[in-house]
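Reader: Can you walk me through the ring contacts in this one? After that I'd like to hear about the surface.

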Amino acid sequence: MIAVNEYFGGAVKSLAYESAEGKSTIGVIEKGEYKFGTSMHETMLIIEGKLEAKLPGNNHWETFRKGDAFEIDANQSFTVRTTSQTSYLCKYK
């Protein structure tokens with residue numbers, strides 16, 4: 001079954017699903033800055049657009065564009081910001 005997720009008053013929306021590869025979400029982030037927490041290991045792939053992320057243990061922003069990915073361990077938090085709508089695929093372990 002596909003589940004619909006909505007965060008930050010609808011500024012971040014995703015569809016959650018499970019395939020033979022495991023759990024994933026595919027979504028869109030609206031212009032702005034958002035802090036997320038993880039409960040599982042996540043790999044986030046940028047599908048379209050660009051965002052900056054402040055990853056755990058880093059004090060600086062890193063830029064990720066279409067085709068770029070980053071990983072976050074379980075029980076961590078990270079912040080992303082973007083100046084335009086950006087789509088992503090997030091895979092969970």
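**Aromatic pairs and a surface patch**

Author: This is a predicted model. By the ring-centre rule, the count comes to six aromatic pairs.

Reader: How far apart are the ring centres of F8 and Y34, and at what angle are the planes?

Author: The centres are 4.9 Å apart and the planes are at 45 degrees, so the pair is tilted. The pair links distant parts of the chain: F8 is in the loop between strand 1 and strand 2, and Y34 is in strand 4 (residues 32–37), 26 residues apart.

Reader: Y34, buried or exposed?

Author: Y34 counts as buried, at 8% relative accessibility. F8 is partly exposed, with a relative accessible area of 39%.

Reader: What kind of pair do F8 and F36 form?

Author: An edge-to-face one, 5.4 Å centre to centre with 90 degrees between the planes. F36 is in strand 4, and it and F8 are 28 residues apart.

Reader: Which residues form the aromatic cluster?

Author: Y7, F8, Y34, F36, F64, F70 and F78 form one cluster.

Reader: What sits over the ring of W61?

Author: The charged end of R81, 3.8 Å from the ring centre.

Reader: Now the surface. Which residues make the nonpolar patch?

Author: I2, V4, L15, Y17, I26, L45 and I47 make a patch of about 590 Å². Strand 2 (12–19) and strand 5 (42–48) are the elements that give two or more residues to the patch.

Reader: And where is V4, and why does V4 count as exposed?

Author: V4 is in strand 1 (residues 3–7). V4 is exposed because its relative accessible area is 65%, and the cut-off for exposed is over 50%.

How values were computed. Residues numbered from 1 in each chain as written. Predicted model: local features only at pLDDT ≥ 70, side-chain atom pairs only at ≥ 80, totals over all residues. Heavy atoms only, no water. Patch = residues over 30% accessible without salt bridge, like charges linked within 9 Å, V, L, I, M, F, W, Y side chains within 5 Å. Areas by Shrake-Rupley, 256 points an atom, 1.4 Å probe, with all protein chains shown as cover. Salt bridge = Lys/Arg side-chain N within 4 Å of Asp/Glu carboxyl O. Helix = DSSP H or I, 4+ residues; strand = E, 2+ residues; numbered from the N terminus. Buried < 20%, exposed > 50% of the residue type's maximum accessible area, 1.4 Å probe, protein only. Phe/Tyr/Trp six-rings, centres within 6.5 Å; stacked < 30°, edge-to-face > 60°. Lys NZ or Arg CZ within 6 Å of the ring centre and 35° of its normal.
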